[in-house]
Amino acid sequence: MNSPNPNSLKSRFTKGLVKALIRINKNHPRSSSSPSISSSPREIRRRYHKIKTAAYASMACAVGTRRAWSRALLWKIQNQACNGGVVRRSIGSSSHYSMKKIVEQNKINELRKVVPGGEGMDTWSLLEETAHYMKCLTTQVKVMSTIVEIYSPTT
Amino acid sequence: MSSRRSSSSSSRASKPSDDEIKELVLKLQPLLPQLHHSRNAPVSASSILEETCSYIKRLHREVEDLSKRLSQLLDSAGITDVDEELIRTLLRH
């Protein structure tokens with residue numbers, strides 16, 4: 001996904017994230033009396049939480065509702081704002097087929113925990129969603145790294 | 001990017017066999033950086049699943065770390081406008 005296609009996932013994500021960063025920056029103004037004084041550690045921590053949420057939200061929005069994991073993430077983020085992060089959990093139907101090795105089943109369940117919405121997915125869907133989620137996460141990390149690189153003071 | 005399924009909440013008509021599940025797991029291997037080099041050597045579905053889990057967790061940690069650094073950088077960076085040049089630079093990487 002290296003094409004500069006303006007409608008690409010990477011494009012949509014990048015624009016969304018940058019807009020969110022601008023919004024966050026505006027809501028956390030530096031001290032107006034002295035711009036050289038940096039924000040308090042508490043401010044920085046609060047901003048970090050917002051940035052992290054914005055990163056995942058921007059990616060989920062860029063993907064839209066066509067993926068179960070992005071729907072789950074969007075739902076979680078929207079509801080975190082309302083009721084403090086209650087996560088809906090339903091046990092995935094893992095008994096549709098028989099796995100010979102218990103060990104592999106445990107690993108599938110580990111995967112459920114790290115993929116948004118994984119708890120409610122059957123194994124087939126989980127594996128498909130995982131592939132797509134991994135690709136998007138990689139893009140997310142790449143873009144965020146680049147932003148950090150651009151704004152890091154050159155030493 | 002078109003999804004091959006119309007609805008991901010639709011249940012499969014037939015139960016996927018162990019082999020079909022295994023096929024799907026094996027498809028994850030090219031996406032994993034650590035296992036990529038050993039593409040010719042047989043890699044078990046089990047280790048692919050394990051590697052996938054740790055890779056995703058690693059990516060989550062990287063997002064955490066990058067968010068923290070961004071938070072500190074925003075102090076002095078002053079991203080105030082959607083700079084088209086910035087977007088273009090970001091997309092070039």
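This is a predicted model: local features need pLDDT of at least 70, side-chain atom pairs count only at pLDDT 80 or more; totals for chains, interfaces and linings use all residues.
How many salt bridges are counted between chain B and chain A? The count between these two chains is two, and a search of the whole structure, taken over all chains, finds seven.

## The interface as a whole

The size of an interface is often given as the accessible area lost when the parts come together. Between chain B and chain A, the buried area is about 5800 Å², and carbon and sulfur atoms give 69% of that area. The contact takes 67 residues from chain A and 52 residues from chain B.

## Helix α5 of chain A against helix α4 of chain B

Two packed helices are described by the angle between their axes and the distance between the axes. Helix α5 of chain A (residues 123-151) packs against helix α4 of chain B (residues 84-92) at an angle of about 125°, and their axes lie 9 Å apart. Because angles over 145 degrees count as roughly antiparallel and those from 65 to 115 as roughly perpendicular, the angle between α5(A) and α4(B) makes this pair oblique. The crossing of the two helices is right-handed.

On the side of α5(A), the contact is made by V143(A), T146(A), I147(A), I150(A) and Y151(A), and on the side of α4(B) by L86(B), T89(B) and L90(B). Of the residues in this contact of α5(A) with α4(B), six are nonpolar, two are polar and none is charged.

## Helix α1 of chain A against helix α4 of chain B

Helix α4 of chain B also packs with helix α1 of chain A (residues 9-27), and here the axes come within 10 Å and cross at roughly 135°. That angle makes α1(A) oblique to α4(B), and α1(A) passes α4(B) in a right-handed crossing.

Which residues of the two helices meet? From α1(A) they are K10(A), S11(A), T14(A), K15(A) and V18(A), and from α4(B) they are L86(B), I87(B), L90(B) and L91(B). The residues of this contact of α1(A) with α4(B) divide into five nonpolar, two polar and two charged. L86(B) and L90(B) are named both in this contact and in the contact with α5(A).

## A packing within chain A

Helix α5 of chain A also packs with helix α4 of chain A (residues 102-114), where the axes come within 11 Å and cross at roughly 55°. That angle makes α4(A) oblique to α5(A), and the crossing of α4(A) and α5(A) is left-handed.

In this packing, I108(A), L111(A), R112(A) and V114(A) of α4(A) meet T123(A), L126(A), L127(A), T130(A) and Y133(A) of α5(A). The residues of the contact of α4(A) with α5(A) divide into six nonpolar, two polar and one charged.

Definitions and conventions: Residues are numbered from 1 along each chain as its sequence is written. Chains are lettered from A and ligands numbered from 1 in the order in which they are written. Side-chain values use heavy atoms; hydrogens and water are left out. Axes are lines fitted to C-alpha atoms, for helices over the stretch in contact, and angles run from 0 to 180 degrees between N-to-C directions. Helices (H or I, at least four residues) and strands (E, at least two) are DSSP runs, numbered from the N terminus. Angles under 35 degrees count as roughly parallel, over 145 as roughly antiparallel, 65 to 115 as roughly perpendicular and the rest as oblique. A crossing is left-handed if the near helix is turned anticlockwise from the far one by less than a right angle, and right-handed if clockwise. Contact means heavy atoms within 4.5 Å. Ala, Val, Leu, Ile, Met, Phe, Trp, Tyr, Cys and Pro count as nonpolar, Asp, Glu, Lys and Arg as charged, and the others, Gly among them, as polar. Buried area is the accessible area (1.4 Å probe) that two parts lose on being put together, summed over both. A salt bridge is a side-chain nitrogen of Lys or Arg within 4 Å of a carboxyl oxygen of Asp or Glu.
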